[in-house]
Every structure is written in C-alpha cells, then in structure tokens.
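Hi,

Here is the structure I promised to pass on. Have a look at it first, then read my notes below.

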Amino acid sequence: MADYSRERWRVCKRFLEMRSSWLTLIGENLQDDRGDILEYWRIEKSDSVIIITLQKNQLILPQPMYRPGVGEFTFDFPGGRVPDGESPLAVVPLILKRELGIEADSIVEITPLNTKGWAVNSSFSNQKLFGFFVQIKPSLVLSPEYVGATYPANDSGVGDLLEVLTCLQCRALLLEWWVGR
C-alpha cells in the first residue's frame with residue numbers, strides 16, 4: 001500500500017469563503033503531490049439524515065417536496081440536516097415529527113443503516129449521510145396530509161419505488177436496508 005502521508009496536498013491560498021446558513025463555499029489554490037498549483041472549489045455542509053420508514057410492511061414517504069436543484073417536486077424518504085452539536089440519531093424523531101407527523105412514542109425501533117456516515121461527494125463536500133431504518137407502531141393512524149405515498153416492503157414494491165425515487169441518497173439507503181434486512 002502506498003504511503004500517502006508523504007504525498008500530502010497543501011492549501012496555498014484561500015481566495016474565497018462565502019458563508020450562509022445552508023453552506024460555506026470555499027475557493028482555494030492547492031498544491032498537489034507533484035507540485036502543481038490547482039484552483040479548487042468545495043462546500044462545507046452539515047451532515048444529513050435519511051430515514052427508511054416502515055409501518056405494517058409498508059414503506060412510508062412524505063408528500064413530494066420541491067427540489068430547487070432539479071426544479072421539480074420529488075418523492076424522498078424523510079430527511080434533514082444534523083444541527084451542530086447534535087447526533088444523527090437525536091434528529092430522527094424530530095424529522096419524523098416534521099415530515100410525517102409521527103410522535104416519538106410511536107416509534108418502535110430505530111436502527112442505523114450506516115454508523116460512520118457516507119461521504120456524499122468527497123471531492124466537493126465534507127457532508128456525510130447517515131441512514132436509519134425506523135419501524136412505526138402498527139396502531140398509529142398516519143394523517144393523509146403528511147403521507148405522499150406508500151409502497152409494500154417486498155421485491156415488487158421496492159422495485160416500483162426505485163422507479164419513482166430520483167434521489168441517489170434515498171435509493172442507496174433503500175437498497176442498503178433491503179439487501180441487509
């Protein structure tokens with residue numbers, strides 16, 4: 001295995017840092033392992049959580065949301081950002097309350113799908129994605145104002161859902177859960 005510690009890249013100059021409540025955009029000149037100076041852009045963002053939600057063998061998705069990046073409404077699993085100082089696990093009940101109207105006492109089980117978080121785009125961002133599987137009490141009646149779609153948790157239902165999901169993160173976590181169950 002190569003010794004990458006000797007091949008460090010270094011920051012020569014930071015020529016832009018623009019902060020907002022959503023992200024920080026950084027422009028830098030980096031010197032690579034061959035001594036070349038490169039212009040590099042990256043984004044620092046809070047980590048995120050996506051939750052595969054199941055009740056009575058049905059995968060539950062919230063109402064479609066408008067996604068500015070693609071300019072359309074899409075179906076996605078419940079999800080959100082992890083505020084500074086919080087753990088990914090701690091935000092799961094808050095996200096479920098906000099997106100599906102589910103109170104914490106209606107959660108039967110919360111299982112992490114990945115404990116270290118996956119790099120969303122390691123060449124451009126520091127953001128990690130944490131996934132969870134949540135089982136909801138069968139007796140809970142979900143409000144139609146929150147529920148956008150349900151799919152059976154079987155091969156056919158997961159296949160149909162994969163036809164609808166355009167979010168790569170949602171697709172990856174669905175497959176991670178489906179294969180590992």
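Which residues lie nearest the centre of the largest pocket? They are Lys45, Arg67, Arg81, Cys167 and Gln169, out of 32 residues that line the pocket. Before you go further, keep in mind that this is a predicted model.

First, the whole thing. The protein has 181 residues, and 37% of them are buried. The C-alpha trace spans about 60 × 40 × 30 Å along its principal axes.

Back to the pocket. Its volume is about 900 Å³. Several elements each give at least two residues to the lining: the strands β4 (48-55), β6 (65-67) and β8 (79-81), plus the helices α1 (88-100) and α3 (168-180). Sorted by type, the lining has 16 nonpolar residues, 10 polar ones and six charged ones.

With 13 residues, α1 reaches 18 Å from its first C-alpha to its last, close to the 18 Å expected. There is still a bend of about 25 degrees at Leu94. Pro88, Val91, Val92, Ile95, Leu96, Glu99 and Leu100 are buried in α1. Why might the numbers be spaced like that? In an α-helix there are 3.6 residues a turn, so residues three or four places apart point the same way. The cover over the buried residues of α1 includes β4, β5 (58-62), β8, β9 (107-112) and β11 (128-136). Just past the end of α1, Gly101 has a positive phi of about 70 degrees.

Enjoy exploring!

Conventions
Residues are numbered from 1 along each chain as its sequence is written. This is a predicted model: local features need pLDDT of at least 70, side-chain atom pairs count only at pLDDT 80 or more; totals for chains, interfaces and linings use all residues. Side-chain values use heavy atoms; hydrogens and water are left out. On a 1 Å grid over the protein atoms alone, a cavity is a set of points where a 1.4 Å probe fits but cannot get out, and a pocket is an open set with protein on both sides within 12 Å along at least five of seven lines; lining residues have an atom within 4 Å of a point. Grid points are joined across faces, edges and corners, and a volume is the space filled by probe spheres set on the points. Helices (H or I, at least four residues) and strands (E, at least two) are DSSP runs, numbered from the N terminus. Ala, Val, Leu, Ile, Met, Phe, Trp, Tyr, Cys and Pro count as nonpolar, Asp, Glu, Lys and Arg as charged, and the others, Gly among them, as polar. The expected span of a helix is 1.5 Å times one less than its number of residues. The bend at a residue is the angle between axes fitted to the seven residues ending there and the seven starting there. Buried means under 20% relative accessible area, exposed over 50%, partly exposed in between (1.4 Å probe, protein chains only). Contact means heavy atoms within 4.5 Å.
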